[in-house]
Amino acid sequence: MKRRSALVGSLATLAMATSARAETPVDLQLVLAVDVSRSIDEVEAELQRRGYVEALTNDRVIDAILSGEHKRIAVCYTEWAGTHYQVVVIDWTVIDSAGAARRFAEKLSEAPRTSQSWTAVGAALAHAGQRFENSGFAPKRRVIDVSGDGRTNDGPAAEIIRDRLVAQGIVVNGLPVMMNRTNFGRPPDLTLDKYYEENVIGGPGSFMIVADNFDQFGRAVRTKLVREVSDAGGPRRSTAA
């Protein structure tokens, strides 16, 4: 009986130790939620993907990562369109060196791209929020960064999901891309930045970087990632230019 109790105790201790090891401490746990709706053409999609690839390996971003207490962050890259399409392209990956960032970027550059109908910002936020559940990380901060060129026309209202996430201690940042052209016959959305500011971003220190077009996207992503990783603070709204 004593032997059995000792065995059960040892197994419990082992389980606790394994659980503790599974919670890897990181300075930031970041979901990059990227719009792949059909309003983004092939050239713009290439500029968008390249923007993330180059930003993740940028020296300023790497320096910001290595300047943190734990000197590592965890990144998950998702793509979204309508409520029917929310996909994890690269699941949680620790970035703790230039080499790790390069491997993540190479994997992202090789991943197939797609284009889907509708724009469901609320569903994208909900899907991103679920990525934090049982992820195996113990982050100092949890952030969702959502980028896109349109407002919700499918699924739940973005502000409803945003408020739920903020109540859980998750910060939502944004990167709206302003496009001065028609979108499937509709006039250009000249107030998308205001929509993101009022309905998408939220939480302590939340902010957005506005890109006037996809040519500015790479610069906007670099600026945004440095600020997110370093948690340096700044204006709630700024531009890529």
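**A walk through the predicted chain**

Of the 241 residues of the protein chain, 47% count as buried, where buried means under 20% relative accessible area, exposed over 50%, and partly exposed in between (1.4 Å probe, protein chains only). This is a predicted model, in which local features need pLDDT of at least 70 and side-chain atom pairs count only at pLDDT 80 or more, while totals for chains, interfaces and linings use all residues. Residues are numbered from 1 along each chain as its sequence is written, and side-chain values use heavy atoms, with hydrogens and water left out.

The protein chain has eight helices and nine strands; helices (H or I, at least four residues) and strands (E, at least two) are DSSP runs, numbered from the N terminus. Among contacts between residues at least 6 apart in sequence, 79% join residues at least 24 apart, a contact being heavy atoms within 4.5 Å.

Val36 gives an example of contacts across the sequence. Val36 sits in the loop between β2 (28-35) and α2 and counts as buried because its relative accessibility is 9%. Val36 and Glu79 are 43 residues apart in sequence, yet their C-alpha atoms are 6.3 Å apart in space. Neighbours within four places in sequence aside, Val36 touches Glu79, Trp80, Ala81, Tyr85, Thr114, Ser115 and Gln116.

Two packed helices are described by the angle between their axes and the distance between the axes. The axes of α2 (residues 42-56) and α8 come within 8 Å and cross at roughly 35 degrees; axes are lines fitted to C-alpha atoms, for helices over the stretch in contact, and angles run from 0 to 180 degrees between N-to-C directions. The crossing of α2 and α8 is right-handed, that is, the near helix is turned clockwise from the far one by less than a right angle, anticlockwise being left-handed. On the α2 side, Leu47, Gln48, Gly51, Tyr52, Ala55 and Leu56 take part, meeting Phe217, Gly218, Val221, Arg222, Lys224 and Leu225 of α8. By class, the residues of this contact are seven nonpolar, three polar and two charged; Ala, Val, Leu, Ile, Met, Phe, Trp, Tyr, Cys and Pro count as nonpolar, Asp, Glu, Lys and Arg as charged, and the others, Gly among them, as polar.

Helix α3 (residues 59-66) holds Asp63, which is partly exposed because its relative accessible area is 47%. Asp63 and Val226 are 163 residues apart in sequence but 8.7 Å apart in space, C-alpha to C-alpha.

Helix α5 (residues 121-130) is largely enclosed by the rest of the structure, because eight of its 10 residues are buried. Among the buried residues of α5 are Val121, Leu125 and His127. In the loop between α5 and β5 (137-139) lies Asn134, which is exposed because its relative accessibility is 82%. Asn134 is not a glycine but has a positive phi of about 50 degrees.

Asp231 likewise is not a glycine and has a positive phi, of about 55 degrees. Asp231 is in the loop between α8 and β9 (237-239). Asp231 also belongs to the lining of the second largest pocket, where Arg141, Val171, Pro204, Gly205 and Asp231 lie nearest the centre among 18 lining residues. The elements that give two or more residues to this lining are β6 (142-148), β7 (171-176) and α8 (217-230). The lining has six nonpolar, six polar and six charged residues. On a 1 Å grid over the protein atoms alone, a pocket is an open set of points where a 1.4 Å probe fits, with protein on both sides within 12 Å along at least five of seven lines; lining residues have an atom within 4 Å of a point.
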